[in-house]
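Welcome, and thanks for taking a look at this one with us.

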Amino acid sequence: MFKSKIIRFISMASAVACITTCVNLSSVTNISDADAIEVKDAFTITEEMGLGWNLGNSLDAYDNRVETMGLESEICWGNPYTTKEMIDAVKAKGFNTIRVPVTWYQHVDKANGYKINAEYLARVKEVVDWCYNDGLYVILNLHHEEPYQNRATLGADYEEISGFVTSIWGQLAETFKDYDQHLIFETMNEPRATGTDHEWWGPHDDEVDTINKINADSLSVIRKAGGNNDSRLVMMPGYCASSDTTIMTKVIIPDDDFVAASVHAYSPYGFAMDAKADHTAFTDAYKNELVNIMDGIRKTFSDKDIPVVLGEFSSSNFDNTEARCDWATAYMETTKAYGFPCVLWDNNVKGNNEGEAHGYLNRSDLTWYEPSEPVIDAMIKVLDSNEIKWGSERKSPVISHDDISTGTVISDKKYELDSSIKDGNCTEGLNADWKLLVGGDVAVQFTGDAPVIAVVDGGWDNWTEIKPYDVDEEKGIAYYSSQHIESAWNGDVTEIQHIFARTNSKTVVTKMAVIGGGEVVTPPEEDNTKSYPIRIEGDFMTFIVEGTPGTNVNGCLGYMSGSDWTTIEWKGKIPDSGKLEVNIDTYNLPHYIDAQFQIWWSDDNSAELVNQQIWITTTSAMTTTTSSTTTTTTSGTTTITSTKPAPVGYIAGDANCDNEVNIADATAIVQHLGNKDKYALSFEGERNADVDGEEGITGSDALVLQQVEAKMISLADLPLKK
């Protein structure tokens with residue numbers, strides 16, 4: 001008999017042959033670590049990434065005066081060589097992620113397909129390994145590739161740029177293919193048309209197309225490399241990794257379960273980077289701007305179920321530590337609620353450097369700079385607090401708006417705006433004083449890219465921009481709150497006299513009006529649960545769920561245990577056959593009681609329970625059954641009886657189902673934990689494998705079987721008692 005364990009399930013499309021090949025386990029230094037190989041979904045990864053730190057201006061340093069460089073490139077911008085002690089210090093501070101920016105173009109053989117210099121690749125791998133072996137998430141990228149991803153002719157040079165970028169990713173994907181999901185790839189860093197008048201703003205369509213195609217090419221090369229690259233998270237930036245909503249909307253994220261948008265947000269820019277701005281306080285206007293930027297990121301990606309990583313953020317040291325702490329608190333409170341992991345940029349510059357003083361860790365003595373350490377502490381305090389749940393506001397609220405036709409018209413003139421034309425990106429100044437705006441929303445009807453609006457005073461001064469807080473893409477209407485205008489305005493709002501609409505791309509504005517303020521709508525929670533009455537019988541039960549192939553589906557078997565509702569959860573993906581087998585161990589469940597088989601979710605709501613099979617198995621300690629009776633219930637009413645070969649009986653420790661318990665079973669467990677798709681244990685194998693006295697299959701079960709092989713534990717003692 002096997003020990004009681006309620007939450008045990010396995011979903012599979014067909015019987016999986018037991019793995020019997022024995023491999024040498026001597027290379028496994030800590031077999032219980034096999035649990036870490038479990039595949040995590042992209043949103044789980046981004047949540048676990050938490051707060052990150054950039055190893056900036058080190059491996060990404062370069063010297064454009066020379067053709068090639070050696071290992072000395074790492075220190076050519078003034079930083080010391082990276083050490084393991086630096087990485088350990090970052091982890092000890094509380095960071096969960098390290099981004100390792102790397103510039104490759106001065107370390108490749110152009111005549112040999114951009115082959116990376118072996119010594120340089122080994123150095124990068126050494127640094128990555130220090131991070132990886134510390135249990136941190138590691139982001140590896142292509143950074144300052146100035147002759148390639150960053151060039152004035154970006155839009156025309158797709159073929160050459162793609163050749164370089166995909167060659168590098170092919171080599172990196174091969175080098176690191178056995179690393180688990182703690183290693184993350186980022187295709188590029190801030191790709192842009194350098195040296196042009198729009199380097200940081202208003203990309204041309206062909207430049208956007210080049211970036212989108214290179215992102216897709218890089219992903220294809222990474223996935224084809226094999227190993228763990230099929231589930232590796234890949235971050236993809238848009239043009240200059242901008243947090244501008246118009247630019248972000250042009251990013252095409254491939255249909256892939258393990259891709260995240262990569263965004264840089266030194267926000268709000270005036271506070272974080274602009275040397276000419278006032279940094280003495282993190283004002284309500286700054287906070288409102290920050291939230292508007294994050295809302296734009298959320299609407300562009302999170303609302304479409306695309307994970308986001310803020311790969312760079314920081315606030316330069318302007319001798320304003322207290323204000324920076326307020327900024328850090330607001331930044332983390334917003335991004336934590338939205339579910340955005342943030343990776344702090346650190347260039348090891350302590351003092352004011354025209355907006356580029358992002359020094360946090362003193363890499364020479366491994367101390368944290370006094371003006372900046374409190375800023376990090378403020379971030380960690382928010383993340384450690386239970387007041388805000390990670391991702392609790394990942395989706396934008398649903399907002400109800402008055403119809404634009406019911407509002408007070410500001411303009412119904414057609415404006416064709418184009419940022420590539422000198423002075424062509426903005427409407428004329430329109431009359432709209434504060435008495436008209438207060439308490440309402442400005443609604444702008446448009447086609448093309450959603451505009452921003454700006455207000456000015458009677459002297460046409462104090463230009464203040466506001467992004468839309470909501471966009472109805474179907475109707476083509478953007479909404480701007482008067483509350484946001486008031487928060488952003490520096491001064492007496494009664495001085496506001498005029499309003500503009502402006503674009504960062506191409507926009508046609510056809511109407512502007514003031515309507516009532518929008519109201520958040522709380523939609524009723526939709527319950528798509530499908531319940532099927534059953535009775536719990538037999539040693540285990542098989543449920544056949546039919547639906548569209550490829551559909552993700554989950555649910556439970558639920559029953560009353562005393563006064564408590566007890567559930568056994570299951571999940572799976574419907575295979576090409578259209579029928580998913582859900583096998584649930586019912587040996588230790590209360591028998592002959594009414595229960596429910598429930599389908600909680602399927603991607604297209606197509607999944608249905610079509611029949612169930614009750615298995616009654618006769619077992620002994622070291623033998624298997626030869627026959628069994630199967631009762632099949634179709635549509636809950638018709639019963640038919642048939643016979644088929646009985647499942648293998650229970651033998652504690654026999655994970656590979658060969659009727660023997662030896663080191664090969666430990667191997668089968670390790671392989672299963674490492675790659676459940678390739679080395680799936682059968683249902684009986686999973687039941688047999690759980691021998692360590694704790695619920696669930698872990699590396700500890702394999703360790704117990706190694707101890708049995710070494711005569712440290714008797715086979716008769718299996719399974720161990722809790």
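## A glutamate in a strand

Let's begin with Glu 312, which is found in strand β10, spanning residues 308-313. Keep in mind as you look around that this is a predicted model.

Is Glu 312 buried or exposed? Its relative accessible area is 4%, under the 20% cut-off, so Glu 312 counts as buried. The side chain of Glu 312 has a polar partner there: it makes a polar contact with the side chain of Arg 99, at 2.9 Å. Leaving aside neighbours within four places in sequence, the residues in contact with Glu 312 include Asn 54, His 143, Asn 189, Glu 190, His 264, Tyr 266 and Trp 345.

## The nonpolar cores

The largest nonpolar core has 94 residues. Which of its members touch the most others? They are Trp 104, Leu 140, Leu 172, Ile 297, Phe 301 and Tyr 331. Helix α9, residues 321-338, supplies the largest share of this core, with 9 residues. A second, separate core holds 25 residues, among them Val 455, Ala 488, Trp 489 and Val 509.

## Helix α3 from end to end

Helix α3 covers residues 118-133. Its 16 residues reach 21 Å from the first C-alpha to the last, close to the expected 22 Å. At the start of the helix, a side-chain oxygen of Asn 117 comes to within 3.0 Å of the backbone nitrogen of Glu 119. Just after the helix, Gly 135 takes a positive phi of about 80°.

The buried residues of α3 include Tyr 120, Leu 121, Val 124, Val 127, Val 128 and Trp 130, together with Arg 123 and Asp 129. What do the buried residues of α3 pack against? Their partners are helices α2 (84-93) and α4 (158-175), along with strands β3 (97-100), β5 (115-116), β6 (137-141) and β7 (183-186).

## The whole chain

Stepping back, the protein chain contains 15 helices and 34 strands. Of its 722 residues, 55% count as buried. Among contacts with a separation of 6 or more, 76% join residues 24 or more positions apart. The accessible surface comes to about 31,200 Å², and 48% of that belongs to carbon and sulfur atoms.

How values were computed
Residues are numbered from 1 along each chain as its sequence is written. This is a predicted model: local features need pLDDT of at least 70, side-chain atom pairs count only at pLDDT 80 or more; totals for chains, interfaces and linings use all residues. Side-chain values use heavy atoms; hydrogens and water are left out. A nonpolar core is a set of buried Ala, Val, Leu, Ile, Met, Phe, Trp, Tyr and Cys residues joined through side-chain atoms within 4.5 Å. Buried means under 20% relative accessible area, exposed over 50%, partly exposed in between (1.4 Å probe, protein chains only). Helices (H or I, at least four residues) and strands (E, at least two) are DSSP runs, numbered from the N terminus. The expected span of a helix is 1.5 Å times one less than its number of residues. Contact means heavy atoms within 4.5 Å. A polar contact is a pair of N or O atoms within 3.5 Å; within protein, one must be able to donate a hydrogen and the other to accept it, and residues adjacent in sequence count only if both atoms are side-chain atoms. Accessible areas come from the Shrake-Rupley method with a 1.4 Å probe; for residues, only the protein chains shown count as cover.
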